[in-house]
Amino acid sequence: MKFIYTMILYLSLCWGFTWQFSGRTHPELNWTTMETEHFRVHFHQGIEDIAKEGASISEQVRPTLLQQMGLDDIPIIDIIFTTEDEIMNGFAMHTYTTFIWVDQNEAAVWLEDEKWLYQVVAHELQHIVFSHKINTWLPEPWESLYSDTPGWVWEGLAEYETERWRPHRADISHKYHVLKNNMDKMDAHHDGYSKLLYWSDRFGDSTIVSTFTDRNKLGLFNFEKAFKKHTGVEVKQFNEDWRRHMNTYYYGYRSQKEPLDEIGEVVSLPIKKLDSFAFSSDSSKIALLGKDDKNQWDRSLIIAVRDTAKERERLEKQLKEDEKTKFDFFTKLIGDEEKEEKKKKNSRYYGIKKRLTMDIFITPVNI
Ligand SMILES: [Zn+2]
């Protein structure tokens, strides 16, 4: 019984639908299909021009995507373009089908100078080309289970073949995870990109294609075995080498920078996860944009108000403690650095928070 439930869950994951992202269906949309030489493009009213542009991009990137994977041909691909619920995403399936949300340029600032339509179409089509590349006679879901290709390979490959390395993809994320010492918890889109760059740099990028071309005696593809055969290194060892390499790079980079306290006073702001902040002109308030709960998906605008009564309370407590240790021989001799630090941190206290809005919604980037 457990097996049947697992299978139902797995199959439902294999066949994704756009309503799964928002919980909404859209009976008001009328769908039309446009056929090009290698694609069937499905779209609803209001986005005909975008669909035409998307179809053109698809035909233009197709030869490059095939060439990169050493393929000559691929079956006709169905592309579904939609604007429903304004979700900044897209997903591809092994059935040579991709669902793509369009009309997102204004929100997709992380693309920097790239355009959403080009980026998302090339990315999702690369997933389909890759899926075709590692396709064998074994039907799904058995094939995915047998090949056991990690998420970082899927996403990293799509980025390596269609994008360029930049702050939001994924330099900033690397800096953060290296410093936090949790590189094993990175999003597959982030560690995947640098792992593919590292793979190509260390073993040559022809080993990427030869790994995915590999089939065992049964004609099946298994990522770990193929990777070992074509690079000479176990995936586990590769991940560890990558971790060391990235840590060396980012700590080397950090060592060339001035320490933060040389630039100014370091303070902790009263919020769990901060995107940006600004002081009011008299410094009595801070406007904070971010999340006050780790599990919150949206962003809040929070106003933190300076609490001078609390500051006085802290200062008095500090003075009393100073008085107590005044004649302590060792403190006199070596100073009390910890206390000095504390004093600095406590100089201003912003505590009374007011959450102004709950619906600044930023869709997580996950194409
Ligand atoms: Zn992707």
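Student: Which residues of α8 do G151, W152, V153, E155, G156, L157, E159 and Y160 in α6 meet?
Tutor: This is a predicted model: local features need pLDDT of at least 70, side-chain atom pairs count only at pLDDT 80 or more, and totals for chains, interfaces and linings use all residues. Residues are numbered from 1 along each chain as its sequence is written. With contact set at C-beta atoms, placed from the backbone, within 7 Å, and helices taken as DSSP runs (H or I, at least four residues) numbered from the N terminus, the α8 partners are A188, H189, D191, G192, Y193, K195, L196 and L197.

Student: Is α6 roughly parallel or roughly perpendicular to α8?
Tutor: α6 (residues 151-162) and α8 (residues 188-203) pack at about 70 degrees, with axes 7 Å apart. Under 35 degrees is roughly parallel, over 145 roughly antiparallel, 65 to 115 roughly perpendicular and the rest oblique. The pair is therefore roughly perpendicular.

Student: How are α3 and α4 oriented to each other?
Tutor: α3 spans residues 48-68 and α4 residues 116-133. They pack at about 45 degrees, their axes 9 Å apart. The orientation is therefore oblique.

Note on methods:
Axes fitted to C-alpha atoms, helices over the stretch in contact; angles between N-to-C directions. Helix = DSSP H or I, 4+ residues; strand = E, 2+ residues; numbered from the N terminus. Contact = placed C-beta atoms within 7 Å.
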